[in-house]
Amino acid sequence: MSTSTPGSTGTTDRPTLASFWHDLPREGRLLLSVVVLEFFGTGLVLPFQVVYLNEVRGFALADVGLLLAVPPLIGFLIVGPGGALIDRIGARRVLLASLLLLVAGNALLAFASTMLLAGVALTLNGVAFGVSWPASQSFIAAVVPAALRQRYFGVNFTLLNLGIGIGGILGGVLVDVEQVSTFQAIYLGDAASYLPAIVLLLGPLRHVAGRPDHDTATTGPSVGYLVVLRRPAVASLMVLGFVSSFVGYSQLNAGMPAYARAVGEVSTQGLGLAFGANTLVIVVLQLFVLQRIEGLRRTRVMAVMAVIWSLAWLCLGATGLVAGTVAATVLVAACASVFALGETLLQPTIPALVNDLAPDHLRGRYNALSSASFQAAAVIAPPVSGFLIGHALGEVYIGLLVVGCLLCGALAVLRLEPQLDPVTNGVRPRPDRSGAAVD
């Protein structure tokens, strides 16, 4: 049945990007306006952290590995208290503090000539990353109406990847391992990239989520994380988040490059091509996918994503059959591209589900739990993939990922879906003949 949407010029089943922009509050538009700039800075430095610390600063690779483990570990430890702090003092203040820490951490890292300075800088970044995700998700939920959140998270993900892609290309052109100043420039550029968001939070957005309403008559006593986990669908959603992170992003960032190099014998240039293809697919397809999934059950969308990701890992596994050839490089690029298609299904759905489930006074805790489920997988996945690949158990590794993806789909449809009402699960109410909305 066709329904007309506010801001659209006709009758359509799927809202257009123009109608989304028309319906989006001014605060949401302002937030989207700085996403590319913010993640442009991330793209400048993301591909070159190991190169900078090892080849430019001269730290041993073993020490570099320990240093780079600091941010995710600190982030995982801080995310719980961070979620409670968001509910206590408001998402805007916590988000502002995290951005200021990122400015300080990256500026310090630019001049980190010793292990101690690098450790301090990465610790600051870890604290910031631990609270920035739940704070930003909570802040978005305070600005963007529930009906627009899924599309907002999808558009935000497109802009995020566009910024990272542009930054990565420029960073590759600028850096020179013989000149430390070129690396200092990109880290200072990363620090500066957070300034526009800070200006927004201090200026036009200072009135948003300054402090949540804590009326004890409606919220009751302070609610802990165990109580939140006992709420309908929360535990199932967190398990789904952990599994999807373990078989998804954690493997794309760690296991996929290791497998491609050790088993597929793919060059570093081939890996660069694969990650470039991943970004390109997201930027090109995300807006199209958003329109296609609008109004569909989010759990079914995640099940489709799980099947797509299993196909991506089968492409990676096939590189071992043609190791060291152009075909292996093509298969790794195919893996990253197919995986990206799955990302365009995941990124709009889980954040929207979390924030549609969360009451306003517990939004920080809900988003902190979601962030923790993803971060826990990011801590566990690299050792698992390293052990299996390092012990010539590549077939077991690929099999684990494929089975894990299928488990992810089963969890979404068989476990989570029965615990969600249709509207929270993304189904738009259908108007009856009188024009009133019905489920």
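Ala254 is found in helix α14 of this predicted model. Ala254 and Ala110 are 144 residues apart in sequence. In space, 25 Å separate the two, C-alpha to C-alpha.

Stay with helix α14 and find its contact with α20. The two helices pack at an angle of about 150°, with their axes 12 Å apart. That angle makes α14 roughly antiparallel to α20, because angles over 145 degrees count as roughly antiparallel. The crossing of these two helices, α14 and α20, is left-handed. Which residues make the contact? From α14 come Gln251, Gly255, Met256 and Tyr259. From α20 come Gly394, Tyr397, Ile398 and Leu401. Sorted by class, the contact of α14 with α20 has 5 nonpolar residues, 3 polar residues and no charged residues.

Next, turn to the rings. A pair of aromatic rings is described by the distance of the centres and the angle of the planes. The structure holds 9 aromatic pairs. One of them joins Tyr259 and Tyr397. Their rings are 6.0 Å apart, centre to centre, with 25° between the planes. This pair is stacked, because planes under 30 degrees apart count as stacked. The pair links distant parts of the chain.

A second stacked pair is formed by Trp309 and Phe339. Here the centres are 4.4 Å apart and the angle between the planes is 0°. This pair also links distant parts of the chain, 30 residues apart. Trp309 belongs to helix α16 (residues 298-318), and Phe339 belongs to helix α17 (residues 326-346). Are these two residues buried or exposed? Trp309 is buried, because its relative accessible area is 0%. Phe339 is buried as well, with a relative accessible area of 0%. Ring pairs link Trp309 and Phe339 with Tyr249 and Trp313 into a cluster.

Now move to helix α2 (residues 26-33). Its buried residues are Glu27, Gly28, Leu30, Leu31 and Leu32. What covers them? The cover includes α1 (17-23), α3 (35-45), α7 (115-143), α8 (146-174) and α10 (195-202).

Helix α8 also holds Thr158. Thr158 is buried, because its relative accessible area is 8%, and buried means under 20%. Leaving aside residues up to four places away in sequence, Thr158 touches Ile282, Val283, Gln286 and Leu287.

Finish with two loop residues. Ala233 is found in the loop between α12 (225-229) and α13 (234-247). Its phi is near 75°, a positive value in a residue other than glycine. Glu265 is placed in the loop between α14 and α15 (268-293). Glu265 has a positive phi too, of about 55°, although it is not a glycine. Glu265 is exposed, because its relative accessible area is 52%, and exposed means over 50%.

Key. Residues numbered from 1 in each chain as written. Predicted model: local features only at pLDDT ≥ 70, side-chain atom pairs only at ≥ 80, totals over all residues. Heavy atoms only, no water. Phe/Tyr/Trp six-rings, centres within 6.5 Å; stacked < 30°, edge-to-face > 60°. Helix = DSSP H or I, 4+ residues; strand = E, 2+ residues; numbered from the N terminus. Buried < 20%, exposed > 50% of the residue type's maximum accessible area, 1.4 Å probe, protein only. Axes fitted to C-alpha atoms, helices over the stretch in contact; angles between N-to-C directions. Parallel < 35°, antiparallel > 145°, perpendicular 65-115°, else oblique. Left-handed = near helix turned anticlockwise from the far one by under 90°. Contact = heavy atoms within 4.5 Å. Nonpolar A, V, L, I, M, F, W, Y, C, P; charged D, E, K, R; others polar.
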